[in-house]
Amino acid sequence: MTAVAAAALLFLAPTLTGCVTVHGERENIPSVARSEAPGALKRFVDTYNTAYRELDPDLLRRVETGPLEEIFTADLTAQRARNPSGNPGFPPLELSDARYHIPKQVGWPKFFVADVRSNREAPDSGTRWLLVFSRDGAEERWRVAYLSILSRDEVPLFATDEDGWAEAVPTGRAGRLAVAPAALSKAYTSYLMTGEGPFAEGPSTTRLRDHRKQFLRTPKFWTEYIDTPAEGPRYAPVGLRTKDGGALVFFSSHHREKQTMAKGVRPEPAPEVKPLLKGEAKKAVTLTRLAESAVRIPARDAADPRVVFVNRMEGVTAAKGE
């Protein structure tokens with residue numbers, strides 16, 4: 001998710017003549033050993049729980065990266081400002097029934113997906129959390145870049161090879177997909193502004209646009225929306241091929257919302273926004289949000305080529321008063 005590192009991932013295999021070194025930057029190898037993935041998940045859960053008890057964003061940065069880090073560290077920063085002594089009563093997160101979707105990959109960064117059950121959901125709901133772990137080199141630790149919460153019916157069947165390894169989809173081109181993963185952020189932010197794009201109806205598309213229309217102009221304030229694609233390695237999309245020929249892809253996007261108050265009305269930022277506020281809110285407040293989403297992209301020859309959102313998480317990462 002960040003700049004590509006030059007370090008090599010070494011796998012040692014015994015042979016008749018000794019050991020063979022396999023280089024992760026140029027060989028097509030599993031992104032992580034099956035025995036290593038549970039340790040990465042445990043480290044994430046342990047550190048996450050400590051970070052939220054102590055309300056310490058720096059701790060969270062040890063196990064998160066990319067869009068998820070940006071959203072959650074802003075949340076922790078705001079909580080800490082309101083509760084400097086921490087939150088010792090934070091109910092610990094527990095993840096169980098882990099299934100790991102590990103692709104073979106060439107080069108860095110590498111990623112894998114942990115598909116887990118969470119104690120934040122009802123035990124009989126069938127809801128699953130999908131955490132995308134990423135790292136930029138063999139010397140780095142695994143950190144979570146994306147989190148998506150899917151219902152039982154939304155979790156796809158992932159394509160695997162004869163050895164059970166998942167298949168990462170190329171992000172820079174469409175290939176066998178209806179839309180290139182790298183084009184999603186630009187296509188989605190353009191869609192929110194214009195209503196045109198390759199997306200199916202739903203809460204994150206048509207209903208979000210309808211919701212926004214209600215606040216364009218009200219008796220107390222009017223709202224301007226600006227949506228821009230998330231660009232650069234920090235926000236790089238990742239995806240896994242599904243058995244139907246499509247893919248489940250994780251991507252992020254930027255969204256700004258400016259509310260300007262009518263004469264005589266003073267803005268009142270929400271309590272969770274105030275700690276992030278820069279400047280004095282006299283007549284307007286601009287909220288900067290980051291969204292990270294999971295979508296199903298159909299195969300290029302699918303009868304319905306539209307992209308379907310299965311999860312979208314959005315958080316305020318900055319606020320400015322005028």
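**View 1. Asp97 is found in strand 4.** Strands here are DSSP runs (E, at least two residues), and helices are likewise DSSP runs (H or I, at least four), numbered from the N terminus. The model is a predicted one, in which local features need pLDDT of at least 70, side-chain atom pairs count only at pLDDT 80 or more, and totals for chains, interfaces and linings use all residues. Residues are numbered from 1 along each chain as its sequence is written, and side-chain values use heavy atoms, with hydrogens and water left out. Asp97, a residue other than glycine, has a positive phi near 50°. Its relative accessible area of 33% makes Asp97 partly exposed (buried means under 20%, exposed over 50%, partly exposed in between; 1.4 Å probe, protein chains only).

**View 2. An open sheet is formed by four strands in the order 4-6-7-8.** The pairing is antiparallel; two strands pair if DSSP finds at least two bridges between them. Strand 4 (95-101) and strand 8 (143-150) each have a single partner strand and stand at the edges, so one side of each lacks a neighbour in the sheet.

**View 3. Strand 4 and strand 6 (residues 110-118) run antiparallel and are joined by five bridges.** Tyr100 stands opposite Ala114 in strand 6.

**View 4. A cis peptide bond joins Trp108 and Pro109.** Its omega is about 0°. Pro109 belongs to the loop between strand 5 (103-105) and strand 6. Most peptide bonds are trans.

**View 5. Leu55 lies in the loop between helix 1 and helix 2 (57-60).** Leu55, a residue other than glycine, has a positive phi near 50°. Leu55 is buried, with a relative accessible area of 0%.
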